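Reader: I am new to structural models and would like to learn how to read one step by step. Could you guide me through this example?

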Amino acid sequence: MNSSSDFSDPALPPLDPLSLRLAAANALIRRRRTIKPHDMDERPVATQHLAAILENANWAPSHGMTEPWRFFVFTEDGRQRLADFCQHLYRQITPEHEFKSSKYEKLPSQMLKAPVVIAVAMKRQASEKIAEIEEIEAVACAIQNMYLTASALGMAAFWSTPPLIYRDEMRQWLGLSDARDKCLGLFYLGWPASEEWPQGKRDDVTAKVVHIMK
Ligand SMILES: Cc1cc2nc3c(=O)[nH]c(=O)nc-3n(C[C@H](O)[C@H](O)[C@H](O)COP(=O)(O)O)c2cc1C
């Protein structure tokens, strides 16, 4: 089959169903982009779009079916509460010589620009039968599902990981009761202001692959 990402050449024979499915997967995976709050416009996120994104997050794989992902969805005035807390925490934990007022100011403006901010967390399994890294990996899969669904809908999404999210204060503020639980990111969601979808770029995969055949 045609290995390029252009499947629209009329000179090519029609694609069989399997190739069509692969073409759809290629397009979704490769067109997924990070679009940050300052490149979002004012349009709100409809309930059904948010629900579709959370539903697909829930279909991520997890070892032992622990489903460790948890979502705290901040909208409307909830974003201001999140912004106030993050600003307060940033000031509290940052040594004076490292404190950047630009960063301090950017926290709330970023959170208020996106119509939805989702704090994504990992709920640690009580028995610890599954290794922590695998629970974190499962949550990362859930976030990728969110990213892919947002991109499929033409929405802007951004996984942000400022160091303060990993703090115990953040976990407690979110109401995660177990000290082993962890916030793993803030997922910003909205609509892109530009009609031009950003281009992605990756280094060649061949340099990252080792084939062992005997
Ligand atoms: C675990 C993880 C954490 C990330 N944290 C940040 C972040 O804190 N700030 C940021 O600007 N981008 C962050 N990103 C987004 C990357 O910058 C982005 O994925 C990368 O530039 C590639 O762009 P793309 O998503 O459009 O392909 C993060 C991505 C991942 C996977």
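Author: Let us begin with burial, for which a residue is called buried if 20 or more other C-beta atoms, placed from the backbone, lie within 10 Å of its own, exposed if 12 or fewer do, and partly exposed in between. In this model E128 counts as exposed, because it has 10 C-beta neighbours inside 10 Å. E128 belongs to the loop between β2 (116-122) and α5, and its phi is near 60 degrees, a positive value in a residue other than glycine.

Reader: Before we go on, how should I treat the model and its numbering?

Author: This is a predicted model, in which local features need pLDDT of at least 70 and side-chain atom pairs count only at pLDDT 80 or more, while totals for chains, interfaces and linings use all residues. Residues are numbered from 1 along each chain as its sequence is written.

Reader: Where is M65 found, and is M65 buried or exposed?

Author: M65 lies in the loop between α2 and β1 (69-75), and it is exposed, with 8 other C-beta atoms within 10 Å. M65 has a positive phi of about 50 degrees although it is not a glycine.

Reader: How many helices and strands are there in the protein chain?

Author: Helices (H or I, at least four residues) and strands (E, at least two) are DSSP runs, numbered from the N terminus. The protein chain has six helices and four strands, and from the N terminus on they run α-α-β-α-α-β-α-β-α-β.

Reader: How do I read the way α2 and α5 cross?

Author: Axes are lines fitted to C-alpha atoms, for helices over the stretch in contact, and angles run from 0 to 180 degrees between N-to-C directions. The axes of α2 (residues 47-57) and α5 (residues 132-152) come within 8 Å and cross at roughly 145 degrees.

Reader: Which residues of α2 and α5 meet there?

Author: Two residues are in contact if their C-beta atoms, placed from the backbone, lie within 7 Å. On the α2 side these are A52, I53, N56 and A57, which meet A142, N145, M146, T149 and A150 in α5.

Reader: Which residues are around the ligand?

Author: A residue is near a molecule if its C-beta atom, placed from the backbone, lies within 6 Å of it. Around the ligand are R33, T34, W159, S160, T161, P162 and G200.
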